Amino acid sequence: MRAAFFLTMIGICLASAPARADEPLFGYIYTTDTLPKGKTEVEQWATLREGRSQGDFHLLQTRTEISHGVTDNFQLSGYVNAAWADAKGNTPSGETAPPEVFADFAADPNGRFRKTRFESVSLEGLYRISSPYTSGVGVALYLEPSIGPRTRELEARLIVQKNFLDDRLVFAANATLGYEWRKLQGDPGADPASVDYVTHWDKETDVNFGLAGSYRFTSNWSLGAELQNEREWAGLDPFKASNRTNLAWYAGPTIHYGGRHMFATFTTLFQLPWAQDYANPAADNFIVNGITNADDFEKYRFRLKIGYYF
């Protein structure tokens, strides 16, 4: 929690600098805004994922981004992604297990797991089909492939945005489809005839739905809220019900300060007690008091984005 306090203080201090409103308004939900043609932005993300129903769990993921407006409606971005984890006794059974981004590392079930890693590099394309400032409703498409030493990801997103009250009130909705491949070590305790017994590429599909609203209550400052519904499948077929593994909900507030050359956005999300574990029987599943403790979920998420425009 000390890291969460540190991120909060950075956000407050940077947002206190004199500046003028701009985007992004949300930590997790994308809007259809793109950089004007020829403009460039550098952005730093820090996402702290904190707490399980038991034990210690801390996961910090960082993204360093540079974006460029190719046209007024098409933006290209590149990312470098890194992660740090510290966990002990973080499963319902009391054993230690690494978070998903470290799933290829072995962990002592009775010890502390602590690792830092370079995760991947990503390329993002964002194309705005219509603008909420000129067409009433904004629509954009987003595609992001990522590649790392032991991970591959491909994420596609549909973004819809509607503005009210002379653009002071903004609503955005996202539908996201993500495919993930992670190269995992063989499990000597698994069935020798199974794929888990040898080193293999584990496949997963994520389908997320997000809704957010933000109101600019004074010059440069906006306050809002975000809601996320996250669903996971084993394998690459999200239409195969028998492959469903997890479902979770997150919600929380977001605050944004934007200026002529910089912005800061800080979002806090809390997992809601509506999770489902489809992959395990009730006696062995990862749900405690409605909260899932599966390897890609935690109780709290804190995200800080800081950007500078050229």
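1. A residue is called buried when its relative accessible area is under 20%, exposed when it is over 50%, and partly exposed in between. The structure discussed here is a predicted model. Tyr-179 has a relative accessibility of 22%, so this residue counts as partly exposed. Trp-181, with a relative accessible area of 23%, is partly exposed as well.

2. Aromatic pairs come next. A pair of rings is described by the distance of the centres and the angle of the planes. The count for this model is 11 aromatic pairs. One of them joins Tyr-179 and Trp-181, with 6.4 Å centre to centre and 45 degrees between the planes, a tilted arrangement.

3. Phe-263 and Tyr-309 also make a tilted pair, at 5.8 Å centre to centre and with 50 degrees between the planes. This pair links distant parts of the chain: Phe-263 belongs to strand E11 (residues 262–277) and Tyr-309 to strand E14 (residues 300–309), 46 residues apart. Phe-263 is buried, because its relative accessibility is 0%. Tyr-309, at 8%, counts as buried too.

4. One aromatic cluster is formed by Phe-102, Phe-105 and Phe-113.

5. Asn-208 is placed in strand E8 (residues 200–218). Its relative accessible area is 18%, and Asn-208 is therefore buried. Leaving aside residues up to four places away in sequence, Asn-208 touches Asn-174, Ala-175, Thr-176, Asn-229, Glu-230 and Arg-231.

6. The whole structure contains 3 cavities of 30 Å³ or more. The volume of the largest cavity is about 870 Å³. Its lining has 38 residues, and those nearest its centre are Arg-49, Gln-61, Glu-153, Glu-155 and Arg-303. By class, the lining of the largest cavity holds 17 charged, 11 polar and 10 nonpolar residues.

7. The second largest cavity has a volume of about 230 Å³. It is lined by 18 residues, with Pro-24, Tyr-30, Asp-33, Glu-43 and Gln-75 closest to its centre. Strands E1 (40–50), E2 (56–71), E3 (74–88) and E4 (113–130) are the elements that each give two or more residues to this lining. The largest share, 3 residues, is from E1. The lining of the second largest cavity divides into 8 nonpolar, 7 charged and 3 polar residues.

Key:
Residues numbered from 1 in each chain as written. Predicted model: local features only at pLDDT ≥ 70, side-chain atom pairs only at ≥ 80, totals over all residues. Heavy atoms only, no water. Phe/Tyr/Trp six-rings, centres within 6.5 Å; stacked < 30°, edge-to-face > 60°. Buried < 20%, exposed > 50% of the residue type's maximum accessible area, 1.4 Å probe, protein only. Helix = DSSP H or I, 4+ residues; strand = E, 2+ residues; numbered from the N terminus. Contact = heavy atoms within 4.5 Å. 1 Å grid on protein atoms, 1.4 Å probe; cavity = no way out; pocket = protein on both sides within 12 Å on 5 of 7 lines; lining within 4 Å. Points joined across faces, edges and corners; volume = space filled by probe spheres on them. Nonpolar A, V, L, I, M, F, W, Y, C, P; charged D, E, K, R; others polar.
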